[in-house]
Amino acid sequence: MNMAQTKEMIGGIETFEEAMALLEARMDADTLAKLKRIRTRDAVITIANAAMLCTPDRIFINTGSKEDGAFIRREALATAEEDALPMANHTIHYELKDEQGRITDRTYYLAEPDEKVSSLANRIDRGEGLVDVQERMGGIMKGMTMVVGLYMRGPVGAPASNPSLQITSSLYVTHSAEMLYRNRFDDFDAEVERLGYFYTNIHSQGLNRAEDLPNARVYMDRHDQTTYSINCTYAGNTLLMKKGNHRFSVDKAVKNRGNELSEHMFITGIEGPGSRVTWFAGAAPSGCGKTTTAMAGHQFVGDDLAQMWIAEDGTVRSINPESGIFGIVEDVNWEGDPALMPLLREEGTEVIWSNVLIDEDGLPQWTGNGDGNPTKGRNFQGEWEAGMVDEKGKPVPVSHPNSRATLVASALANYSPASEDPKGVETSVITYSGRDADTMPPVWVAKSSDHGVAIGACIVSAATATEVGAKGVKRAPWANAPFIPGALGEYMDAQFAFWANERIASGKRPLMAGLNYFLTHKARGGESTKLLGEKRDVKVWLAWLERHFHGEVRGIETPIGILPKYEDLKALFTKILDKPYPEELYTKQFSLYVDNIVARIDLQNDAYGKEEDIPARFFEVLKEQKEGLLALKESFGVVVRPEMLTEKTAA
Ligand code: SPV
Ligand code: MN
């Protein structure tokens, strides 16, 4: 097998002429006419190889037209991958009970022997892996339609957009792609020409039987920028324009070091005084409120992925490679998510639900929706009724914690048309957040870009539902670690290089900040494990950062960074949420619990100490912070209240 161009070898077809001959024999006249509009020869050869290997009964080319869209939606129902719900344009799709998230244990990089692969990821010898693809995918689409689509991950014309070819036998995956990505059949060739590459994704759910799940695989070939996905249906495993291609974009950013980044971040605009809009991009691990934060903004661009670059004018620009949201619905309710709920509960928006409970009235129900108590229905594990327990005697929840709703971003009331601007949005604030019950304050600003890089490196989270089998508390570097294909040290180096790049104009240099909405009463001397404050308080933290970027508020300088002053937050609580903000709550939220923070620094120091080639600068930043904290402890004790520092410094 030719190792350079393997995706074009999996079916043994090497030339464009052979490819056309095969496809002409297998396509009806309409499909062939569509195929002939594709001028990217490599794409045609890849399509022919997929057809040769997978042997579908039919090939359908999805040009993104209205008719093609209608066909896809019809077929998704006809194949029973989705069922229609009483509400117009709402459907439900179920994964197998044991495929409710990313199958990280069955996900591999195809790697050459001398190739470095992330210490967190699985690898398989590339040659062996490709043979396995041929074995597992041989004839896998028998009886099915192979659907081909040409997409853009990002606005046409943007420097950081990626062309992507998707080939799948799943109508659900295709339907999801239509909502989450930009079908740009007519622009694809010119974009491939402009950018010089395209990503490829080849998927089949096979027979989608529980007994085949152990044989499910996700393979990523970085050499060929191709993913193969076999015997699975969950979008994180199959719609590989999402996390599969994100990984290739992370590779691309690390290679183009200092000039671009590819992050697991939302993008949202916050309106400040005088109708100005300040753009934020923020990282958070799966299931840590990234969608909620994105929705808290006034101008929504994206809730999952961001691709950034430094423009000629010295601004940092961001685009969303996606055009829709695949959002977790657990705990989404009218109180916390007033912008999202009408789209989920009122007619007018197309929604693909996955793995929620459909009650006896055909209404989707999920844990924490605040809408009532369903007694019966079908959910991720089959028929469900209230009080049901599993084999281990554990209550079966109404919905799986990784249940999701897929919808187009433009349906959101706060959708920003800037989403389609190939120049991206000028990004001024970068946030990093995780799930941290007892250590870091709700918001703090890095003293410098190097300290900002360290905030990203030190994100922690509780393990969440999007990864099958994950448990406990874990480090979540930049919330991007599961998608960093290469060495963590290289990725970190690329972060330092980007954020310290002198091409970023002064005054345009983004503020970098930490966010944490998960501090509990218990961690601050109380009894309950309830959160200090409310979910919606995030709006205040974001507003404070917005004012800080524009130099309108100052803060209290500490070794970990700059903390807000009570008066500034109090004023914002009144203005934005019209609620009081007791000083006592402020003190709980913003006191430095020195031992906790030092323990966290030690944990990161030890863990990164075991990684290869971590830039020395990172350890210096940690050391500086630790020494500063220990000095504070000497003067003030283990709990350093903000007022102890106010008189000393004002940043
Ligand atoms: C995530 O888990 O971060 C997601 C969903 O956005 S998945 O498609 O599984 O990646
Ligand atoms: Mn994600």
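The side chains of Arg617 and Glu620 meet in a salt bridge, with 3.1 Å from N to O, where a salt bridge is a side-chain nitrogen of Lys or Arg within 4 Å of a carboxyl oxygen of Asp or Glu. Because Arg617 and Glu620 stand three residues apart in helix H18 (residues 616–636), about one helical turn separates them; helices (H or I, at least four residues) and strands (E, at least two) are DSSP runs, numbered from the N terminus. Arg617 counts as partly exposed at 26% relative accessibility, and Glu620 likewise counts as partly exposed, at 42%; here buried means under 20% relative accessible area, exposed over 50%, and partly exposed in between (1.4 Å probe, protein chains only).

This is a predicted model, in which local features need pLDDT of at least 70 and side-chain atom pairs count only at pLDDT 80 or more, while totals for chains, interfaces and linings use all residues. Residues are numbered from 1 along each chain as its sequence is written, chains are lettered from A and ligands numbered from 1 in the order in which they are written, and side-chain values use heavy atoms, with hydrogens and water left out.

## Other salt bridges

The structure holds 46 salt bridges. One of them joins Arg136 to Asp132, with the closest N and O atoms 2.6 Å apart; these residues are four apart in helix H5 (residues 126–137), so about one helical turn lies between them. Arg136 is partly exposed at 23% relative accessibility, whereas Asp132 is buried at 14%.

In the salt bridge between Asp537 and Lys579, the closest N and O atoms are 2.8 Å apart. This pair links distant parts of the chain, 42 residues apart, since Asp537 sits in the loop between strand S29 (511–515) and helix H14 (538–549), and Lys579 in the loop between helix H15 (566–577) and helix H16 (583–590). Asp537 is buried, with a relative accessible area of 2%, and Lys579 also counts as buried, at 15%.

## The manganese site

The manganese ion (ligand 2) is coordinated by Lys243 through NZ, His264 through NE2 and Asp304 through OD, at 2.1 to 2.3 Å. Donors are N, O and S atoms within 2.8 Å of the metal (3.2 Å for Na, K and Ca), and water is not among the atoms, so sites may look incomplete.

Lys243 lies in helix H9 (residues 243–255) and Asp304 in the loop between strand S15 (299–302) and strand S16 (306–310), so the pair ties together parts that are 61 residues apart in sequence. Lys243 is buried at 6% relative accessibility, and Asp304 is buried at 7%. Both residues also belong to a network of salt bridges that links Lys242, Lys243, Lys290, Asp304 and Glu322.

## Domains 1 and 2

The domain assignment gives domain 1 (13–255), domain 2 (260–325 + 418–648) and domain 3 (329–411), with bounds that come from an automatic or database domain assignment. The C-alpha centres of domain 1 and domain 2 lie 34 Å apart, and their contact, meaning heavy atoms within 4.5 Å, takes 40 residues from domain 1 and 38 residues from domain 2.

Seven salt bridges are counted between domain 1 and domain 2. Strand S6 (145–153), helix H6 (171–180) and H9 each supply at least two residues of the side of domain 1 that touches domain 2, and H9 gives the most to that side, with nine residues.
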